[in-house]
Amino acid sequence: MNEINGRSPTAPKNRWLDKVQSSWRLLGFSPIGLLMLVLIGISPLFIKNDYGLRLMVVCLMIGTQAMAFDLTIGFINVVNFGFAAFVGIGAYTSALLAVDLGISPWIGLILGTLVAGLVGFLLGVLTLRLRGIYAAIMAWFVGLALMSLVTVNVGITRGPLGLVVPLFYDRADQILYFYIIYPIMIGTLVVLRLLTRSHFGLAFRAIGGNLGAARASGINPVKYLVMNWTIACSLAGLTGVFYASYFGILTPAMMHTKQTVEILAIAYIGGRGTLWGGLLSAFLVIPIFEYLRGLLAYRWIIYGIFLIITMIFYPGGLVGVVFWIGNSIKRLLSRRNKGS
Amino acid sequence: MQLSGLVDLVIIGLFRGGLYALMAVGLALVFGVMNIAQFAHGEFYMIGAYVAFFGAAMLGVNPLIAWAMAVVVVFVVGVLVERSVFLPLRIRSHEGWVMNAFLLTVGISFVIQNIALAWLGPSYRGITEYWPGNISITPTLNVSADRVAAAVAAIVTIVALWLFLKSTRIGRAIRAVAQDERGATLVGINLSRIHWFTFGLSTALAGLAGAVLLPMTQAYPSVGFKPMVLSWYVVMLVGMGSISGAVVGGFIIGILESFSYYYLGGGWQDVVVLSILILILLFKPSGLFGAEVKGIWER
């Protein structure tokens with residue numbers, strides 16, 4: 001009687017193992033991807049110079065931001081054009097708390113995330129009820145307004161002079177900061193991965209793809225749009241707090257549209273709607289650009305043209321290239337097996 | 001404050017507003033006809049400013065000829081951009097055109113700005129004045145001749161554009177496409193030709209604004225950002241795609257700016273204008289004169 005369809009029922013004591021297994025499957029890291037993440041994690045063992053480690057930290061930070069950015073543009077197809085301003089909200093919240101009230105940046109990590117998420121939530125509730133480009137432009141305007149507010153309130157934020165922020169540690173060893181941003185990146189990746197592979201992610205994609213069809217299948221669009229927007233904004237705030245207490249100085253320029261455009265470029269070159277594409281392209285693009293520093297402004301032209309070509313002809317981005325290579329290798333191997 | 005002071009502020013606002021209207025009409029035109037939310041508008045402003053600078057300062061031609069040169073060059077650049085970037089996207093993109101086109105203009109802005117940076121460097125280039133002297137408008141208000149010329153140029157151009165759209169064959173075709181693309185194709189309008197022409201026209205308006213404002217704003221690679229943002233304020237205030245509304249909106253934003261500048265000092269005008277704008281849009285998302293913006297719950 002116990003055997004149904006020839007399968008033995010799972011013993012209760014193994015249930016937790018099943019749960020781990022199924023959530024692992026939900027996470028869906030390929031062995032190569034996992035190896036890459038571990039390699040990044042232990043890279044401070046090999047990279048001894050400060051310059052290299054600094055580059056790694058910046059790559060991780062930009063990569064995390066690109067992943068958060070991709071959650072909105074890649075899934076619900078609304079661009080958060082005030083992204084840099086949300087990074088700035090997190091940064092300035094933690095910085096002002098630390099400077100004026102002496103609250104440690106570690107607590108700032110939580111508070112900055114919450115404040116950025118709250119502002120994102122309010123903006124989302126107000127603008128995401130409407131279709132199309134409206135929310136993007138409104139987010140842009142709100143971002144610009146916040147930047148001007150920070151610039152003119154010289155008494156509080158010191159404006160363009162720059163606010164000096166206490167760092168996480170007294171020492172400036174890059175490895176310490178590496179192991180702050182690395183868990184943040186892993187956490188972001190895992191959370192976003194679980195989110196987008198659950199039924200929430202399905203709803204996001206449905207709304208982004210065809211709103212009418214999504215509504216017809218019983219999805220409440222406002223709920224999911226606002227949820228997506230809030231999560232992306234709070235992650236932006238989180239990286240902002242790290243930015244503040246890593247570089248130690250904050251100017252309103254960090255909230256400028258230019259910064260949003262840079263994140264957008266990284267996310268797009270990585271591939272839309274893939275999450276880890278942003279991380280991959282951050283680790284490729286930023287070091288290459290450091291290397292090509294001699295080209296000055298010409299490298300930005302190449303970058304921009306590359307971005308435009310990606311947008312028009314190859315929306316899959318770098319991730320698309322990776323999959324294409326993987327598939328070609330597979331096909332090659334299977335053909336050889338058949339031949340022998 | 002006395003009444004004459006208020007009048008002065010309004011006049012200053014109108015002078016500013018004329019140019020915002022000129023830029024905003026270009027934005028509204030390209031959004032209305034092609035559904036492109038143009039982010040690279042400021043870069044065409046920048047090209048116009050540079051061309052006028054090279055015309056007026058290097059070649060030493062008459063300012064009016066320098067302006068005409070700017071309009072022609074920017075028109076050609078605009079058409080080239082449309083043919084090389086938006087045409088391939090239109091062929092390939094099926095869904096989400098508005099968002100994709102918007103992001104594409106972001107990329108274009110990035111490229112043009114950096115070409116200017118690589119080629120001409122970050123230094124400011126400019127001329128002190130096209131025409132010397134001041135013109136007194138009211139007893140307490142003196143406006144430089146260049147500002148008057150700029151306002152006149154803006155108004156003349158807007159009127160000319162209005163006549164063009166109203167009474168010429170191609171102008172009517174442009175309005176037809178803006179109303180209904182499929183219907184326009186059915187009556188035999190060549191859509192592709194309208195698209196490149198409209199895009200060129202819209203960028204040429206931005207280029208003209210850059211050229212006439214050269215003595216005030218100079219020319220440098222990122223000069224276009226501020227005017228572009230301001231013309232976006234206008235377009236959002238009146239409703240996207242409303243061309244006649246954009247003219248009115250330009251003057252409204254100009255006056256708002258001159259008042260907040262006077263009462264609160266520099267730097268605050270952005271905060272004030274944006275706060276008012278955001279408040280208006282929260283209660284009337286379609287803008288003052290715009291067609292209804294579709295909500296998510298509507299069909």
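Colleague: Let us begin with R16(B): is it buried or exposed, or something in between?
Modeller: R16(B) counts as partly exposed, because its relative accessibility is 24%. The cut-offs are under 20% relative accessible area for buried, over 50% for exposed, and the range in between for partly exposed (1.4 Å probe, protein chains only).

Colleague: Before we go on, what kind of model is this, and how is it labelled?
Modeller: It is a predicted model, in which local features need pLDDT of at least 70 and side-chain atom pairs count only at pLDDT 80 or more, while totals for chains, interfaces and linings use all residues. Residues are numbered from 1 along each chain as its sequence is written, chains are lettered from A and ligands numbered from 1 in the order in which they are written, and side-chain values use heavy atoms, without hydrogens and water.

Colleague: Back to R16(B), then. Which side chain does R16(B) meet in a salt bridge?
Modeller: The partner of R16(B) is E257(B), with 3.0 Å from N to O. A salt bridge here is a side-chain nitrogen of Lys or Arg within 4 Å of a carboxyl oxygen of Asp or Glu.

Colleague: Where do the two residues E257(B) and R16(B) lie in chain B?
Modeller: R16(B) belongs to helix α1 (residues 3-34) of chain B and E257(B) to helix α11, so this pair ties together parts that are 241 residues apart in sequence. Helices are DSSP runs (H or I) of at least four residues, numbered from the N terminus.

Colleague: And is E257(B) buried or exposed?
Modeller: E257(B) is buried, because its relative accessible area is 2%.

Colleague: Which residues of chain B are linked in a network of salt bridges?
Modeller: The network links E82(B), R83(B) and R90(B). The side chain of E82(B) meets that of R83(B) at 3.0 Å, N to O. The side chain of E82(B) also meets that of R90(B), here at 3.4 Å, N to O.

Colleague: What is the relative accessibility of E82(B)?
Modeller: The value is 0%, so E82(B) counts as buried. R83(B) is partly exposed, because its relative accessibility is 27%. R90(B) is also partly exposed, with 24%.

Colleague: Where is N35(B) found?
Modeller: N35(B) is placed in the loop between α1 and α2 (41-59) of chain B. With 35% relative accessibility, N35(B) counts as partly exposed.

Colleague: What about the phi of Q218(B)?
Modeller: Q218(B) is not a glycine either, and its phi is positive, near 65°. This residue sits in the loop between α9 (214-217) and α10 (225-238) of chain B. Q218(B) is partly exposed, because its relative accessible area is 23%.

Colleague: Now for separations. How far apart are L205(B) and V156(B) in space?
Modeller: Their C-alpha atoms are 12 Å apart, and the two residues are 49 residues apart in sequence. L205(B) is part of helix α8 (residues 191-212) of chain B. L205(B) counts as buried, because its relative accessibility is 6%.

Colleague: Which helix holds A145(B)?
Modeller: A145(B) lies in helix α5 (residues 145-167) of chain B. At 14% relative accessibility, A145(B) counts as buried. The C-alpha atoms of A145(B) and I12(B) are separated by 13 Å, while the two residues are 133 residues apart along the chain.

Colleague: One last topic, from chain A: where is the place of V38(A)?
Modeller: V38(A) is in helix α2 (residues 31-42) of chain A. V38(A) is partly exposed, because its relative accessible area is 45%.
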